[in-house]
Amino acid sequence: MTWQPYYQGDGVPRDVDLGKPPPWRSFPRQTLHKEFEPPPGLIKAVNAALALRRPLLVTGSAGSGKSTVIEQVAAELKLGDVLRWHITSRSTLSEALYRYDALGRIHAQRLDGPTGGDDIAPFLQMGPLGTALLPTERPRALLIDEIDKSDLDLPSDLLDVLERGEFEIPELARYKSETVHVREWNRDERRPVTRGRVQCDVFPFIVMTSNGERDFPAAFLRRCIRYTMPKPTIDALRRIVDSHLRTANDGSGEIDALIAGFVDRISAGESLAIDQLLNAVHLLTGGGAPAGEDEREVMDLVLRELSRA
């Protein structure tokens, strides 16, 4: 039978049951910390970073589970929700520390008169790094994702903040009120900031991820605990697939063949992500799975090499 479970391309309206999505594509998003299996050496690297109060720099290919590390650590150690700073080539240190809406304040003054923007607090918000550095009894967990995508100067700009655990908000340092309550990142809770100075009590647990697409300055690297994700093995991938999709009792052998082929392609130098493998297994084990020529075409789509457009 031709694989046509949903869209058929004939323009005829029909009621279709899309079924359940993959566990990692259910919304609102749930963390996958329970499914994550730390590779050899990662637990020691995490504990070293925790003991030394140093950031953990995790390098590995896309989809290797780098960003899931902090979710598992935060859940096990009860560090609260993970703060996230996703890096692009336009990311700056200042936006990670705090955001000040100067134009919004000027607009409020124009609408409501001189006193309309008199209170600066509504126009300030802590960034993810700034929130992580607020005084707290327990360290916050902060993910700095894909730091190798940053501008060349950003890692060096981070050095002083990571070393001292403090920063200044100039707009508050010269503000008329000594203490201003500033909203945290992605939360409505407000925290007092006195004379524009933010100083952490305990250093946050920071995980920085990198796809290995660039080198970092030695001064930056020596302030980090570094760990490189190993290339996946057949046994490790079988455990990952089973933890996500519960396929341990599948006796067809098709999944094992798919995993073995996936490992062979990575060993040959192809760029593939583990979530591509999970997508492929989900399609093969779901209702109305493709077969024959349909299966080959769908697997080619899902397992397409990442370094090609």
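## Helix H2 and its surroundings

Lys78 comes after helix H2 and has a positive phi, near 55°. This value, like the others here, comes from a predicted model.

H2 itself spans residues 68–76. Most of the helix is covered, with 7 of its 9 residues buried. The buried residues are Thr68, Val69, Ile70, Glu71, Gln72, Val73 and Ala74. What do these buried residues pack against? One partner is another helix, H1 (42–52). The others are strands: E2 (83–86), E5 (141–145) and E10 (205–210).

## Gln276, a buried residue in H11

Helix H11 covers residues 274–285, and Gln276 sits in it. Is Gln276 buried or exposed? Its relative accessible area is 8%. The cut-off for buried is under 20%. Gln276 therefore counts as buried.

Which residues make the nonpolar surface patch? They are Tyr6, Tyr7, Val16 and Leu18. The patch has an area of about 470 Å².

Leu18 belongs to the segment before H1. Its relative accessibility is 56%. Exposed means over 50%, so Leu18 counts as exposed.

How many salt bridges does the model have? The count comes to 18. One of them joins Glu37 and Arg239. Their closest N and O atoms are 3.0 Å apart. Glu37 lies in the segment before H1, while Arg239 lies in helix H9 (residues 234–245). The pair therefore ties together parts that are 202 residues apart in sequence. Glu37 is partly exposed, at 34% relative accessibility. Arg239 is partly exposed too, at 42%.

Arg223 and Glu163 form another salt bridge, with an N to O distance of 3.0 Å. Arg223 lies in the loop between helix H8 (218–221) and strand E11 (225–228). Glu163 lies in helix H6 (residues 154–164). This pair therefore links parts that are 60 residues apart in sequence. Glu163 is partly exposed, at 40% relative accessibility.

## A network of charged side chains

Which residues are linked in a network of salt bridges? The members are Arg140, Glu184, Arg187, Glu189 and Arg191.

Two of these residues can be followed in detail. The side chains of Arg187 and Glu189 meet in a salt bridge, at 2.5 Å from N to O. Arg187 has a relative accessible area of 37%, so this residue is partly exposed. Glu189 has a value of 36% and is also partly exposed.

Conventions
Residues are numbered from 1 along each chain as its sequence is written. This is a predicted model: local features need pLDDT of at least 70, side-chain atom pairs count only at pLDDT 80 or more; totals for chains, interfaces and linings use all residues. Side-chain values use heavy atoms; hydrogens and water are left out. Buried means under 20% relative accessible area, exposed over 50%, partly exposed in between (1.4 Å probe, protein chains only). Helices (H or I, at least four residues) and strands (E, at least two) are DSSP runs, numbered from the N terminus. Contact means heavy atoms within 4.5 Å. Patches are made of residues with over 30% relative accessible area and no salt bridge: like charges are joined within 9 Å, nonpolar side chains (Val, Leu, Ile, Met, Phe, Trp, Tyr) within 5 Å. Accessible areas come from the Shrake-Rupley method with a 1.4 Å probe; for residues, only the protein chains shown count as cover. A salt bridge is a side-chain nitrogen of Lys or Arg within 4 Å of a carboxyl oxygen of Asp or Glu.
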